[in-house]
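Dear colleague,

Please find below the structure that I am handing over to you.

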Amino acid sequence: MATIIGGIGCTHVPAIGAAIDNGRTQEPYWKPLFDGYPPAREWLAAARPDVAIVVYNDHATALSLRLVPTFLLGVADRFSPADEGYGPRRVPMLHGHPDLAWHLNESLVLDEFDLAIANELDVDHGLTVPLSITVGEPDEWPFRVVPLAVNVIQYPPPTGRRCLALGRAIRRAVESYPEDLKVVVYGTGGMSHQLQGERAGLINRQFDMAFLRTMIDDPDAQAAVPHIDYLREAGSEGIELVMWLVMRGALGGPVREVYRHYHVPASNTGAGLIVLEPTTAGAAA
Amino acid sequence: MAEPSVNPTHDYEDIPGTYVQDGAQTQRGYQLCMALMELNRADGRAAFAADEGAFLDAHHVTAAQRQAVLDRDWLRMLQLGGNVYYLLKLAAFDRVSVQHMCGQMSGVSEQEFVQMMVGGGRSADGQRSKAEQH
């Protein structure tokens, strides 16, 4: 049986990837952020997952307003880093897990989550930056990746409650997969930030801390928070945080917080990193 | 392009200085966004570099959107339906930073915007609702 061994919540700011790719992580601006990463990397290296399900959003890269799937599952055997205008990030090709991905699709659709399917998908910083943050600069990624793209650009994104429920359904799906695989789930994006309008630059540390506390301890309460609260308090792009609720749902019942780091700013964003472990085996909650 | 005719009140319209990418915004800005999407590709960037006006005409943006792009008026592009992730394609083409774009939108220089972020960012206090500002 496949099992979910942990969850990671992680900001996906493109400038963090650029700092890594251009060797600037020890500059005074970036060092306090990167100094927070080793414990998460050590946890992940010790956990040795076989597969990561990465819940992320595309930023007008492989997807556009032309077609807007609310949830899109990547079932390919490989995913290339995308060209976002500066050429593709020089990070390794990502290897998918088509068998698990197709199992997830079948299980989730029959569980009444109507996913769209991507047989081809270039992945942007939304997916690759969290991997760089938590793995570093490997020659090959140490695990396979199943991308799950969530629409958080065309309003409205799926509700927090829907994201949490999808996460719980992912847990059921993973646990019904016969092969012994260790799976981690990433929820990416956020935390508070706004990249547009006269209110650009909004950061709300208090909201971010409250989000972490409630998401961890009482995920149903966090899932009930309406979009307006994210828009108002965490900025127009802070609504990406609903993707962390997919990760939280996949961990089932009570969780143990392994590690947390938070720093302002990473570019224009409240940068959060959290590592959680499930405390209950089996399809609890 | 006609303005969207159905325009119900939304709770988020009360948030100052914030342009939510709802259906009305996408109706206004779809052609502009899809034109800027072309800058993801080398051939699109070459065509835009060769003749910005002709490129925009070929993508059927409005006259106001065309002028906003030529002027690099980021706030105006946003107000005319542009979405920030598409505007960032143009910023990348120009090799200008997100902070440059956000600074212009919020009426400060790039350096002032960067300093605001280093100082912890823009507080939500006084920025949660238009009512709160008055």
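Two strands are said to pair if DSSP finds at least two bridges between them; strands (E, at least two residues) and helices (H or I, at least four) are DSSP runs, numbered from the N terminus. The model is predicted: local features need pLDDT of at least 70, side-chain atom pairs count only at pLDDT 80 or more, and totals for chains, interfaces and linings use all residues. Residues are numbered from 1 along each chain as its sequence is written, and chains are lettered from A and ligands numbered from 1 in the order in which they are written.

I begin with chain A. Strand β2 (residues 51-56) of chain A runs parallel to β8(A), with five bridges between them. Strand β1 (residues 3-10) of chain A is also parallel to β8(A), and here there are seven bridges. Within these pairings, V185(A) in β8(A) is the bridge partner of I53(A), while V183(A) in β8(A) stands opposite I4(A). Of the seven residues of β8(A) (182-188), six are buried, that is, each has 20 or more other C-beta atoms, placed from the backbone, within 10 Å of its own.

I53(A) touches V146(A), L148(A), I170(A), V183(A) and V185(A), leaving aside residues up to four places away in sequence. Such a contact requires C-beta atoms, placed from the backbone, within 7 Å.

The C-alpha centres of domain 1 and domain 2 of chain B lie 23 Å apart. Six residues of domain 1 of chain B are in contact with four residues of domain 2 of chain B. On the domain 1 side of this contact, the elements that give two or more residues are α5 (74-79) and α6 (84-94) of chain B.

Yours sincerely

Definitions and conventions. A residue is buried if 20 or more other C-beta atoms lie within 10 Å of its own, exposed if 12 or fewer, and partly exposed in between; C-beta atoms are placed from the backbone. Two residues are in contact if their C-beta atoms, placed from the backbone, lie within 7 Å. Domain bounds come from an automatic or database domain assignment.
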